[in-house]
Amino acid sequence: MSARAISAVKGMNDLLPEEVERWRVLEETIRETTRLHGYREIRTPLVEPTPLFVRSVGEGTDIVDKEMYSFVFHDEPLTLRPEGTASVVRAYVEHALHTKEPVSRFLYVGPMFRGERPARGRYRQFHQAGCEVFGDPGPVVDAEMIDMLVGLMAKLEVGEVEVLLNSLGGAGTKARYRERLLAHLEPMKESLSQDSQRRLETNPLRILDSKHPQDQEAIAGAPSILESIDDEDRAHFDRLRALLDALGTPYRVEPRLVRGLDYYSRTLFEIRGKSPELGAQNALGGGGRYDALVEDLGGPKVSGIGFGLGLERLLLASKAKPGLRVRSVLIAPMGARAQTEALVIARELRALGIVAHVEGRGGSLKSMLRRTASVDAGVALVLGDGELDRGVVQLKELDAHVQRDVARAELAAEVTRFFGRGTTP
Ligand code: AMP
């Protein structure tokens, strides 16, 4: 009796090689686009001290209250990172990067963990690519970032997107708005969902994020944050809009956009896709300014802005084709002498950038050649004692079903010529 198989954790997916090819192309497009904008990649640990997220993402948010994979290891509370910004800020502060350059631009790419209810486009381990800029208070960089995102969406062929834009104002505005919002919500307290009733005490802004049907009426009538922002916040927002208008970058002002993290101030944005593949999970990415976060996490007074993109969702929406098929060479040696020679030939071909597979399992020629389909070989090289004695290798062009002997000394050049003829359809 065979042992019972073990399945992956719910909401955490394997990416099989065929899908990984699409991922690789997606990540390369993101890396290239961000590189052209001066971002440099940073890699931080997947596990961080729990207080990092409690202090940045904030208590009263879904992430911190319900979704974090937290555990205690040797008395230290730790959490699998649910998002990227907090870690990048921690690293920025820890390495005093503000002393090395006045403005820093970072890209990160990697898995994030949130214990959400799994659905299409919503997973417990998912992947984000994100950018952060430190030391530039905007609004020029805000506009540049949003414009870059819109351009990136076009490159990824995700179809029509909508950019939602809002300003939360700074700390003073948030406190003022909180009072106005409470004045609006308190009288309807009884009609709100349990979660929202609790948030009246802890984090009333979060109520605007509620998807609960029970809360929608109260949310629809809520006062607009934009009416509460002060003159400086307003000037920042107006200049950002003017820049986007001048660039022809489309957006829609959405005064009730709050997004699920606490650290944002001023500029806030979200990109939604319209591809039917996305279903209800249509937020492709979002971000905003967090001008107080670096200081709140023990760093200098340095402003920040960033965004995170959901890679699974981008792939659901993207119509971009995977890269060109890379055809390979299958080498089929018959006998022990030929096996050694096959390894030498493979080494030569790989040095020329050609993908080479050595069929080392032995068996009949017919069974060896069966593998050409699964490795997508354009050429098979067959050699046995007879070929070795004559100093040749049999080259089979698999699509054309033709074969000929090629002198061993000419082999690498001949295979290169063959691939040079365009066997990558
Ligand atoms: P956030 O960090 O919440 O601002 O999310 C940024 C983006 O990450 C979202 O717009 C989604 O595209 C993606 N995302 C967030 N949570 C998940 C999840 N549980 N599964 C898949 N993608 C997600």
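The model is predicted. A shell of 15 residues surrounds the ligand, and the protein's second largest pocket has a lining of 30 residues.

**Ligand contacts**
- The residues that come nearest to the ligand are Arg114, Glu116, Tyr123, Arg259 and Ala283.
- Arg114 places a polar side-chain atom 2.8 Å from an oxygen atom of the ligand.
- In the side chain of Glu116, an N or O atom is 2.6 Å from a nitrogen atom of the ligand.
- Leu284 takes part through its backbone, where an N or O atom lies 3.1 Å from a ligand oxygen atom.
- On its own the ligand has 480 Å² of accessible area, and the protein covers 92% of that.

**Make-up of the ligand shell**
- Three strands supply at least two residues each: β6 (125-134), β10 (283-289) and β11 (304-310).
- β10 has the largest share, with three residues.
- The shell divides by class into five nonpolar, five polar and five charged residues.

**Second largest pocket**
- The volume of the second largest pocket is about 570 Å³.
- Ala171, Lys174, Asp262, Tyr263 and Tyr264 are the lining residues nearest its centre.
- Two or more lining residues come from each of α2 (50-56), α6 (171-185), β9 (265-273) and α10 (293-296).
- The element that gives the most to this lining is α6, with four residues.
- By class, the lining of this pocket has 13 charged, eleven nonpolar and six polar residues.

Methods: Residues are numbered from 1 along each chain as its sequence is written. This is a predicted model: local features need pLDDT of at least 70, side-chain atom pairs count only at pLDDT 80 or more; totals for chains, interfaces and linings use all residues. Side-chain values use heavy atoms; hydrogens and water are left out. A residue is near a molecule or strand if one of its heavy atoms lies within 4 Å of it. A polar contact is a pair of N or O atoms within 3.5 Å; within protein, one must be able to donate a hydrogen and the other to accept it, and residues adjacent in sequence count only if both atoms are side-chain atoms. Accessible areas come from the Shrake-Rupley method with a 1.4 Å probe; for residues, only the protein chains shown count as cover. Ala, Val, Leu, Ile, Met, Phe, Trp, Tyr, Cys and Pro count as nonpolar, Asp, Glu, Lys and Arg as charged, and the others, Gly among them, as polar. On a 1 Å grid over the protein atoms alone, a cavity is a set of points where a 1.4 Å probe fits but cannot get out, and a pocket is an open set with protein on both sides within 12 Å along at least five of seven lines; lining residues have an atom within 4 Å of a point. Grid points are joined across faces, edges and corners, and a volume is the space filled by probe spheres set on the points.
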